[in-house]
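This briefing walks through one protein chain for a reader who is new to structures.

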Amino acid sequence: MFSFAYPELLYLLLLVPVMTGLFLLARMARKQKLEKYGHIPTLTPLMPDASRYKPWIRLILQLIALIALVIAIARPRFGEKEETERSEGIEVMIAMDVSRSMLASSSDDPSGISRLERAKYILSRLIDKLDKDKVGLVVFAGEAYTQLPITTDFVSAKMYLNDITTDMVPSQGTAIGTAIGMALNAFTPDPDAGKAIIVITDGENHEGNAVEMAQQAKSRGVQVDVIGIGSTKGAPIPLNASRGEFLKDYNGQTVTTALNENMAREIASAGDGVYISGASSSALNELTSQLDNLQKAELTHVTYKASAEQFPIFGWIALVFLVIDIFILDRKISWLKRVNFFTKEN
C-alpha cells in the first residue's frame with residue numbers, strides 16, 4: 001500500500017496549474033509587445049536565435065521538478081515496510097492555551113521565559129514519556145481548534161507543538177470549556193482505554209462553562225488535569241520585549257495578567273483530576289504519576305522502517321530536472337541549425 005506521511009502537503013500541487021497559467025499570461029504579454037513593433041511573421045526572421053520551443057521545454061522541466069519536490073516533502077511510503085506493534089497505553093488529549101496572555105513571563109521576573117515557552121517545554125517532555133500511548137492536541141483562546149487528531153505519531157505531535165504561537169487563534173479570550181468539549185470528542189470509542197484531558201493555561205479572562213464541561217468529561221470516564229502557567233502576582237504582556245514595549249489599556253496603563261489558580265483548581269476538581277503548578281520542578285513527575293493511575297488498554301501502533309521512505313527518489317528526480325533546466329537557454333541550439341531533419345526526395 002502506498003501512503004503519505006503528510007498528505008495535506010499534496011495541496012501544493014495546485015501550484016502546477018498556477019505556474020502554467022502565469023506562463024501562458026507571460027507568453028501572451030510577450031506576443032502583445034511584439035505586435036506593437038510589427039507583424040509577428042515579419043519580425044520572426046529578425047530574431048533567428050529565439051527558440052519557439054525552449055520556453056515550453058523549460059516549463060515542463062520545472063513542473064516535473066515541482067511535482068517531484070511536493071511528493072518528496074509529503075513523504076511517500078511503501079506499505080510493504082509497514083510494521084504494526086501492539087502495546088498497552090492510554091489516550092491523552094492536550095488542550096493548550098494560546099491567548100495573548102501566554103506571552104507574559106511564567107515567573108515573577110517580567111523578563112523571564114514566557115508562559116507559552118514554559119508550556120511547550122513541559123508538554124514536549126510529557127510527549128517523550130507517552131511513547132506507548134496516543135496523544136492529540138487542541139489549541140484555544142477565544143475559540144478552540146483541533147491542531148492534531150489523536151495519534152501514535154509522536155514525531156508529528158512534537159512538530160505541531162513546536163509550531164504553536166499566539167497568532168493561531170484570532171479571537172482573544174480563554175475558552176477552556178470549548179477546548180475541553182472539543183478534546184472530549186476527539187477520543188477513540190475504545191471503552192477500555194483510560195482517557196485524560198490535560199489543560200495547560202494561565203486561566204486569564206476565563207470564559208464559558210469550563211467547570212460544567214469538566215464534569216461532563218468525568219461522567220464519560222475522562223479525567224481532566226490542569227497545569228497552571230504563570231505567576232499569581234501578575235506580569236505585563238510584551239509586545240516587543242527587546243524594546244521594552246508592553247500591552248497597555250485605553251488609559252495608557254500597562255496591562256498585567258496573573259495566573260488564576262482558584263479557577264484552575266476548580267476545573268481539575270470537577271474533572272476528577274489534579275491541579276499542578278507549571279512552575280514546580282516536579283510538575284512533570286506529578287502529571288505522569290497521575291496518568292499512570294489510568295487503565296491501560298491494547299493500542300495499535302503503525303510504524304515504518306527507514307527503508308519504507310520513498311522521498312529520496314522524488315528528491316533526486318526534482319534535482320535532476322532542475323539541473324537540466326539550468327543548462328537550457330531560451331536561444332536555439334547553434335549546431336542543430338546545420339542539421340536537416342527533413343530531406344526532399346528527388
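R75 is partly exposed, with a relative accessible area of 24%; here buried means under 20% relative accessible area, exposed means over 50%, and partly exposed lies in between, with a 1.4 Å probe and protein chains only. R75 sits in the loop between α3 and β2 (76–78), where helices (H or I, at least four residues) and strands (E, at least two) are DSSP runs numbered from the N terminus. Although R75 is not a glycine, its phi is positive, at about 55°.

The model is predicted, so local features need pLDDT of at least 70 and side-chain atom pairs count only at pLDDT 80 or more, whereas totals for chains, interfaces and linings use all residues. Residues are numbered from 1 along each chain as its sequence is written, and side-chain values use heavy atoms, with hydrogens and water left out.

**The chain as a whole**

- The chain holds 11 helices and 14 strands, and buried residues make up 42% of its 346 residues.
- The accessible surface comes to about 19,600 Å², of which 56% belongs to carbon and sulfur atoms; such areas come from the Shrake-Rupley method with a 1.4 Å probe, and for residues only the protein chains shown count as cover.
- Among contacts (heavy atoms within 4.5 Å) between residues at least 6 apart in sequence, 81% join residues at least 24 apart.

**A covered strand and its neighbours**

- In strand β7 (residues 195–201), seven of the seven residues are buried, and this holds for both faces, with K195, I197, V199 and T201 on one side and A196, I198 and I200 on the other.
- Strand β4 (residues 91–97) runs parallel to β7 and is joined to it by six bridges, and V92 has A196 of β7 as its bridge partner; two strands pair if DSSP finds at least two bridges between them.
- β7 also pairs in the parallel sense with strand β8 (residues 222–228), over seven bridges, and I198 stands opposite D225 in β8.

**An enclosed helix**

- Helix α6 (residues 176–184) is largely enclosed by the rest of the structure, because seven of its nine residues are buried.
- The buried residues of α6 are I176, G177, A179, I180, G181, A183 and L184.

**Salt bridges**

- A search of the whole structure finds four salt bridges, each being a side-chain nitrogen of Lys or Arg within 4 Å of a carboxyl oxygen of Asp or Glu.
- One of them joins the side chains of R58 and D325 at 2.9 Å, N to O; because R58 lies in helix α3 and D325 in helix α10 (residues 311–326), this pair ties together parts that are 267 residues apart in sequence. R58 is partly exposed at 23% relative accessibility, while D325 is buried at 8%.
- Another links R115 and D202, whose closest N and O atoms are 2.8 Å apart; since R115 lies in helix α4 and D202 in the loop between β7 and α7 (210–219), the pair ties together parts that are 87 residues apart in sequence. R115 is buried, with a relative accessible area of 0%, and D202 is likewise buried, at 0%.
- D128 and K158 also form a salt bridge, with 2.7 Å between the closest N and O atoms; D128 lies in helix α4 and K158 in helix α5 (residues 154–162), so the pair ties together parts that are 30 residues apart in sequence. D128 is partly exposed at 46%, and K158 is partly exposed at 26%.

**A buried lysine**

- K120 is placed in helix α4 (residues 115–129) and counts as buried, at 11% relative accessibility.
- The side chain of K120 reaches the backbone oxygen of I164 at 2.7 Å, and K120 touches M96, L161, N162 and I164 when residues up to four places away in sequence are not counted.

Note on methods:
Polar contact = N/O pair within 3.5 Å; in protein donor to acceptor, adjacent residues only side chain to side chain.
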